[in-house]
There are 2 protein chains.
Amino acid sequence: MIADSAVGSRLRELFAPASIALVGASDTSGWARNVYTSLQAGGFQGRFVPVHPRHETAFGIPTRPSLRELEEPVDLAFILAPTEAVEAVVQDAGAAGIRNAVVLAAGFAEVGEAGRALERQLVETARALGITLLGPNGLGFINATDRVAPYGLLLTPPLLSGAVGIVLQSGALANSVLTFGRNHGIGLTLLVSTGNEAMVTTADVIEHLLEDEATKVIALFLEQIREPQRFAELARRAQSAGKPMVALKVGRSPAGQLAALAHTGAVAGDDAVVDAALRQLGVIRVDSLEELLVTAGLLATSPPLRGRRLGVVTWSGGACDIIADRAHAEGLEVPALERSTTAALEKIVPAFGSARNPVDVTGFGLAHQPDGSRTPIAQALDVVSRDPNVDVVVYLGVLVPPTPDPLVEARLDDAVQLIGASPVPVVNTSTTCVDLSEYARDQLLKRGLYVAAGLDLGLRAIGHAVRWEERRARPVAERSPRTESDAPDWLKRRGRVVWAETEARRLLELSGFPLVPAELALSADEAVEAAHRIGYPVVLKACVEGLAHKSDVGGVKLGLAGDDAVREAFAGLHAIAAAALVTPMRTGGLELFAGVTRDPTFGPVLAAGLGGVWVELLDDVALRVLPVDKTEVVEMLRELRGAPRLFGARGTDAVDLDGLAEALVSLAGAALLAGPGLEALEVNPIWCGGGRIEGLDARLITAEEG
Amino acid sequence: MIADSAVGSRLRELFAPASIALVGASDTSGWARNVYTSLQAGGFQGRFVPVHPRHETAFGIPTRPSLRELEEPVDLAFILAPTEAVEAVVQDAGAAGIRNAVVLAAGFAEVGEAGRALERQLVETARALGITLLGPNGLGFINATDRVAPYGLLLTPPLLSGAVGIVLQSGALANSVLTFGRNHGIGLTLLVSTGNEAMVTTADVIEHLLEDEATKVIALFLEQIREPQRFAELARRAQSAGKPMVALKVGRSPAGQLAALAHTGAVAGDDAVVDAALRQLGVIRVDSLEELLVTAGLLATSPPLRGRRLGVVTWSGGACDIIADRAHAEGLEVPALERSTTAALEKIVPAFGSARNPVDVTGFGLAHQPDGSRTPIAQALDVVSRDPNVDVVVYLGVLVPPTPDPLVEARLDDAVQLIGASPVPVVNTSTTCVDLSEYARDQLLKRGLYVAAGLDLGLRAIGHAVRWEERRARPVAERSPRTESDAPDWLKRRGRVVWAETEARRLLELSGFPLVPAELALSADEAVEAAHRIGYPVVLKACVEGLAHKSDVGGVKLGLAGDDAVREAFAGLHAIAAAALVTPMRTGGLELFAGVTRDPTFGPVLAAGLGGVWVELLDDVALRVLPVDKTEVVEMLRELRGAPRLFGARGTDAVDLDGLAEALVSLAGAALLAGPGLEALEVNPIWCGGGRIEGLDARLITAEEG
């Protein structure tokens with residue numbers, strides 16, 4: 001990441017150069033030709049200086065032999081030098097007073113230790129010289145707002161400017177992204193290929209895009225999340241600023257994680273944690289490049305979609321069917337309309353169409369009216385948009401043929417007026433994902449009309465947008481301010497320690513976790529006395545450091561109903577531990593488990609679920625990255641497939657959900673108290689019965705680096 | 001459906017007319033203009049006769065006043081007459097010796113009883129005159145093979161011929177389907193809008209497409225499955241002929257079912273049954289129009305994909321990541337390659353790429369080689385395709401720019417050669433779903449190259465194709481030849497009957513279902529005697545006709561351990577029934593449920609699942625349309641989320657799967673024995689314990705029409 005805190009101003013400067021030197025510019029270099037041609041394709045109007053030690057000219061322009069011999073400094077040096085020569089060129093740049101550089105060469109941190117050393121050296125040099133460096137192993141950037149596109153791939157023009165900022169951790173996808181975007185009228189502000197992120201990181205670029213007024217949505221292609229704390233902070237800022245972040249985060253599969261590893265040297269954590277983290281942060285996660293762009297395109301152009309009830313206006317019964325199914329899959333509704341709405345629609349829709357929601361005006365509804373009046377489909381839009389049962393209108397009436405047609409243009413003007421007058425947002429979509437013609441794109445863009453490409457992607461995008469608003473509108477619950485602190489002194493120990501259960505309980509008690517009563521007994525007599533105080537039946541457990549799985553070694557004696565049983569149990573445990581923990585025996589009720597473990601990216605993660613088949617066969621576990629509050633924990637519990645059991649399904653007793661949520665928040669708090677050395681803190685089972693919540697057994701493992 | 005069995009020859013004639021009369025042809029009719037223009041756009045070379053009672057010419061061609069006044073008969077009459085005039089025009093057609101007609105008018109069966117009567121009359125007339133009638137309320141057909149496109153929508157040219165036959169139950173989607181197909185190089189043989197299917201049904205068209213040699217894949221947009229028995233028969237024929245059927249069946253959601261109802265008057269059954277039925281029949285079910293077409297396009301052009309192991313060759317690490325994730329989601333593998341393969345790749349792939357699967361040759365791999373030799377990506381394809389661990393290669397190397405380039409054409413020739421020489425199928429795909437340019441399409445089509453549009457749709461299509469081949473290759477298991485027969489005499493009763501359990505058992509015994517032993521007792525003494533023969537503990541159940549839910553009314557007494565308990569229980573039951581069934585009490589073991597109910601479309605459907613939370617909270621039920629065999633039932637049980645419980649997960653006893661499957665096949669057989677009056681036959685619970693399978697309780701309901 002950028003060393004000083006002035007990320008914004010440094011990146012504004014980096015991404016909007018008025019003059020660029022291309023180091024390694026030669027007519028025979030494919031990379032150089034790409035950068036030069038892309039600058040031209042993007043419409044760069046500034047000064048361009050080719051630099052090459054041996055060639056006199058490049059692309060018909062006289063070269064300079066080195067950055068040191070420029071007549072005046074340029075705003076940006078785009079460095080094509082081979083890996084081993086990069087360092088010297090950066091020094092040249094520093095000497096020439098250049099403050100920004102893009103380094104394309106690979107062969108740095110992604111190839112191993114030698115490369116990492118080379119990269120560290122490069123960053124040190126750049127920092128010392130006050131140079132902001134993008135890359136290495138990146139392809140540059142494309143600033144569509146200011147029309148500066150120094151990029152190592154051939155860009156297919158035209159470059160469409162708009163409101164989507166894009167960060168690519170795989171720069172080679174730039175053309176795919178630009179082409180799909182352009183063909184669907186999705187314009188961008190800035191696209192950045194971050195490469196190895198030696199200095200300018202994904203988070204830096206996100207921060208820049210958050211500050212960039214032209215950017216309304218941030219789209220991300222992520223192989224890894226390198227600065228998770230900062231990423232989280234930026235995601236929260238994005239949410240409160242109303243700038244959605246949409247991410248295609250790859251590495252869901254084991255093979256995908258290996259692919260990411262081969263590609264950038266990243267080590268991925270568990271994808272379920274990524275899923276939970278992104279959801280918590282309000283980052284929309286998508287599954288394909290198309291979904292990334294169509295969703296970003298909608299969010300960049302639509303007013304907020306507040307509500308799940310769709311009014312649907314189409315020209316085809318088949319399209320109505322598809323929309324209804326897709327809406328259902330997205331958790332959206334297609335409600336019945338008011339009688340008055342249906343009555344009004346019946347005057348517009350032919351008998352073989354449908355005046356009910358979803359509305360089918362039939363192909364007739366698209367026909368130009370001989371008297372030049374509004375088309376039936378546009379009339380239907382007007383009627384449906386005013387129905388009080390509708391939060392959003394899905395509209396199939398914006399269709400533009402590939403060749404100019406003044407009648408169509410008049411209809412587009414009418415659509416703009418209707419959409420502007422609609423009390424609820426109108427989302428235009430098309431039946432399938434096919435490209436817009438150039439004429440269609442121009443006509444739509446100049447009117448600010450967006451057509452989400454195809455019913456499948458269109459409805460997915462609507463689902464994302466609706467859920468994003470819901471999450472954003474959720475009352476901000478109190479969030480424990482505690483983040484990971486230093487561990488208490490008694491817990492500071494080098495190496496990996498499996499603590500005795502008494503210590504695990506001590507930590508949990510510090511944060512108020514409700515535990516079953518327990519007494520430590522060092523002899524059979526003490527155990528019997530403890531049992532009398534506690535009341536039969538009791539449980540005896542071996543209590544000693546280093547014992548991770550008590551029951552596996554016979555270290556747990558359940559259901560002891562009298563003194564003799566306790567004495568016998570104590571004797572049995574003595575082979576394992578000198579001390580035993582005596583607790584009451586709990587039966588009936590419902591058992592849950594919960595624990596905090598550490599994800600390599602996101603740090604402490606809380607997992608919870610029901611016991612028994614739910615976790616053993618169904619892998620029914622909900623996750624949250626810490627910190628969490630009660631609202632979050634309740635939401636988490638509701639995600640469990642077994643959640644109905646908590647709410648008293650089929651005549652079982654409902655659990656004290658409030659108490660349970662409080663307990664889990666305490667568990668999370670205890671885990672944070674343990675500091676960065678925490679490896680695992682688990683309470684299993686958590687017993688819920690007779691209106692009580694009690695942790696019956698606890699386990700704590702730390703692994704402080706030595 | 002067509003009355004006689006000569007569907008094939010009648011439809012061949014209908015869909016390939018050499019002469020067409022358009023009834024209602026006038027310059028002022030939008031429909032007429034559409035049909036005329038579409039015929040032209042499609043390249044119709046035959047005779048075209050406009051018919052109109054009042055206008056002298058249409059489209060500059062002299063009209064005839066009526067079909068009766070044609071100089072010679074035409075092969076097809078396309079009838080645009082208003083609803084009430086259609087009948088007379090069909091009579092004219094008959095008088096003129098015309099054998100085929102398309103009727104576009106709506107206002108028939110889809111609008112209610114009066115319309116249904118009108119439609120019946122129309123069909124009678126047509127049959128009497130020997131006319132094959134497509135529609136009404138349909139838009140016609142598009143025969144791309146023979147270039148005859150009499151269609152009621154304006155078609156955007158060009159019409160691409162190919163190997164995909166399409167049936168649309170929503171004709172308005174034709175242009176969407178044609179446009180998406182054309183823009184992705186997916187050509188068709190025939191597209192038919194079936195409308196109300198008064199005479200020519202979806203099944204008829206499927207049968208025709210099965211017989212049509214040019215058709216390699218059948219793509220369906222279905223709102224309903226009207227002739228399920230015949231559909232099933234045709235699906236089996238399609239599978240054995242190696243012509244995959246791909247279906248977008250709408251109506252998954254309640255709203256979607258309503259939308260379908262509004263549109264065609266269809267009443268849909270449970271979507272889960274549709275899902276099961278299509279899977280059983282080997283019909284590929286898709287979720288979007290794009291998936292329908294890209295999947296059909298792949299199946300129409302690719303050799304069979306036999307195996308789940310993908311070799312992946314790309315020019316982008318990001319694309320590798322996406323493919324790995326998508327493959328995982330489809331249940332496909334991206335295996336490690338042989339050492340020798342990797343060694344060969346290392347000579348081709350630059351250090352910053354990846355020589356492991358998925359392979360990234362980087363953007364460099366796409367560059368033309370100065371000496372005109374094979375591009376690195378093509379070299380990599382050659383190497384990977386020969387690796388023995390690979391069943392299919394996914395290839396991103398077929399890229400065509402929008403403008404002519406002889407170098408690209410040479411590379412395409414090379415790709416054709418490599419793909420032809422590859423020991424395994426090669427599937428070309430692209431990073432995102434964007435249109436092919438006209439140039440690209442032409443270059444690809446003339447070489448027989450298909451590029452599946454985008455990684456998301458491309459990998460979905462591969463998943464479908466692989467699973468289709470797996471299902472097809474599955475050994476054909478014995479399938480009980482029994483289909484629904486007449487009920488045995490004792491079971492023939494009018495109205496709805498909830499049979500006494502003894503009768504349910506009698507039916508189950510007929511087909512060999514293993515039931516718990518039971519004796520009927522008419523007095524307390526008899527009950528006690530029975531209990532002695534059976535052995536304590538026993539169960540007593542009220543046994544009487546009309547009692548659907550015994551336990552709800554206290555009609556079941558469990559765990560009776562002695563004579564007194566039995567006497568008391570019998571007395572208690574006496575208020576409900578004069579007779580009691582005495583059975584042994586079973587405990588421990590695992591409980592399942594199974595039952596056959598009737599789906600309005602597919603008839604008897606077998607449902608089965610585990611008891612307890614599995615069905616109560618998880619809705620964990622697997623379905624199969626009857627008839628079923630053991631292989632099918634075992635597969636069905638494996639689909640259950642709780643399936644691991646059956647196989648002895650977590651130390652529980654494994655169930656006798658073979659015995660259980662046999663029992664379920666018997667249950668299905670018993671249900672079929674009951675004949676078409678069966679409403680429900682259930683065995684719940686089925687007890688699996690101590691190596692035994694026993695039905696503990698049974699329920700039979702019939703509802704014969706009176």
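I call a residue buried if 20 or more other C-beta atoms lie within 10 Å of its own, exposed if 12 or fewer, and partly exposed in between, with C-beta atoms placed from the backbone. This is a predicted model: local features need pLDDT of at least 70, side-chain atom pairs count only at pLDDT 80 or more, and totals for chains, interfaces and linings use all residues. Residues are numbered from 1 along each chain as its sequence is written, with chains lettered from A and ligands numbered from 1 in the order written.

**Helix α4(A).** I took helices (H or I, at least four residues) and strands (E, at least two) as DSSP runs, numbered from the N terminus. I looked up the buried residues of α4(A) and found G115(A), L118(A), E119(A), L122(A), V123(A) and A126(A). Down the axis they fall within an arc of 135 degrees, so they line one face of the helix. The arc uses directions from the helix axis to the C-beta atoms. On the face turned away from the buried side I noted exposed E113(A), A114(A), A117(A), E124(A) and A128(A).

What do the buried residues of α4(A) pack against? I found α3 (83–95) and β7 (132–134) of chain A. Just after α4(A), G130(A) has a positive phi of about 75 degrees.

**Chains A and B.** I counted two residues as in contact if their C-beta atoms, placed from the backbone, lie within 7 Å. By this rule 68 residues of chain A touch 68 residues of chain B. Elements giving two or more residues to chain A's side include α5 (174–183) and α16 (455–473). α11(A) gives the most, with ten residues.
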